[in-house]
Amino acid sequence: MFLDAPGGYGKSTLLQVVAADARSKGDIVLCVASSGIAALNLDGGTTAHSMFKLPLDLGDGTGYWNLRNTQQRADLIREAKLIIFDEISMAHKFLIEILDRSLQDLMGTNEVLGGKVCLFAGDFRQIPPVVPSAKTPSDVVFASLKCSHLWPHFRQFRLTVPQRTRSDDEYSSFLLSVGNDTLPQHVFGEGDNTDKVIALHGIRSVEKLDELIASVYPPDILRDPDASSTRAILCAHNVNVREINSAVMAKLPGGVQQLVSVDTIDKEMEGVDIDIDTLHLAEGKGVPNHILDLKIGAVCMIMRNLNMSERLVNGTKVIVEGISPRLVTVRKPGTQELIAIPRILFRFPVLEGSPLQMCRRQFPLQVCYGMTVHKSQGQTIFKVGLDLRSDCFTHGQLYVALSRTRRSDDVTVLGAPDRCVDNITYVRNIVYQELLDNT
């Protein structure tokens, strides 16, 4: 089964009720999600990779999970009456096809997904699977579950009443129009330099970055890290995220403490001579920078799944309480329990696409007053700023960014100067209609 639910329509609550009902009857229910932060919305939830030991490198989708049929985990999966898989629209279709093939092998049957009762949930209006090598929209669409041979086997259900934005019916309708790409389009520019954009009617607009920061993080909020953690400025690109985090950190009281990573060539690459400064400049997806600037009271995001049972996963927000060269002490917002986070090892290419691997030992933390729209997916944020000076570049980004909060009054947008007319901001809205077919 596939449950289609736009952002904020109560999907997580319904999945919780379904799981609790089945468990109350003594059934084993496995709850998984595409990301750690999404898995936290489910009781006993974990990532699909962790539960099913799925390979990180999906290859061409013809492999199997890294699980022997005689293991205890295999027995648990064999006995499960229901598998719930949330945020499936973010997962590459090869992941589901590997799971299908492995479950068939485990259960000794040719039935789809091994004959298991599976409830998948997601929203194809949201950001699709990330395909680093994608050159065209078709490459992204091809990676979606909708392009899998399994999709015709799914029976579809829909949630149609908004929950997160139920106090603002007009905003609910607007969000659905953004997701379905049904808003009127306007043309900006002339000749070959034209852009089709939509108007963000009813959303407060500002003209400068300082105004956006002041709207989301006024001085009284900045002095309260717990309050700051409920807010965020969302951006399409990392360069804007870094600019915002640097600007907000400068406004925080106290001195900056600089934590420097240890960078080396991977052991398998020993003998290759690379300047250490080149290693320090290297950046990897989901990898902290060589220099990490922190202050006591700063709001950060964990960059790795550290401990699922303690809800310390990639995307979890924490508040810095202590800093030393070996440990950074943090706490989760709204709690006083201190958690010590050590440096961990990250392996990644020196340059994107390069076979040359390096190692970086650094704290898995990133200041997160600003974050990418991708990182915000699956979260509810009480006050949102949108930095849209740089256009959205993939399907669903604008929809995800706008649907993180409850009301239009809780959103402030900074757009390109030439796309703000009469205090209304005009922005690009990228939607791949192939992903919305039959949705």
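1. The protein chain of this predicted model contains 14 helices and 25 strands, both taken as DSSP runs numbered from the N terminus (helices H or I, at least four residues; strands E, at least two). Its radius of gyration, 22 Å, is close to the 22 Å given by the globule rule for 439 residues, so the chain is as compact as a globular protein of that length. That radius is taken over C-alpha atoms, and the rule is 2.2 Å times the number of residues to the power 0.38.

2. Local features need pLDDT of at least 70 and side-chain atom pairs count only at pLDDT 80 or more, whereas totals for chains, interfaces and linings use all residues. Residues are numbered from 1 along each chain as its sequence is written, and side-chain values use heavy atoms, with hydrogens and water left out.

3. Of the 439 residues, 52% are buried (under 20% relative accessible area, 1.4 Å probe, protein chains only). Among contacts (heavy atoms within 4.5 Å) with a separation of 6 or more, 70% join residues 24 or more positions apart.

4. Beyond its neighbours within four places in sequence, Leu 294 contacts residues including Met 249, Leu 259, Cys 300, Ile 323 and Leu 365.

Conventions. Buried means under 20% relative accessible area, exposed over 50%, partly exposed in between (1.4 Å probe, protein chains only).
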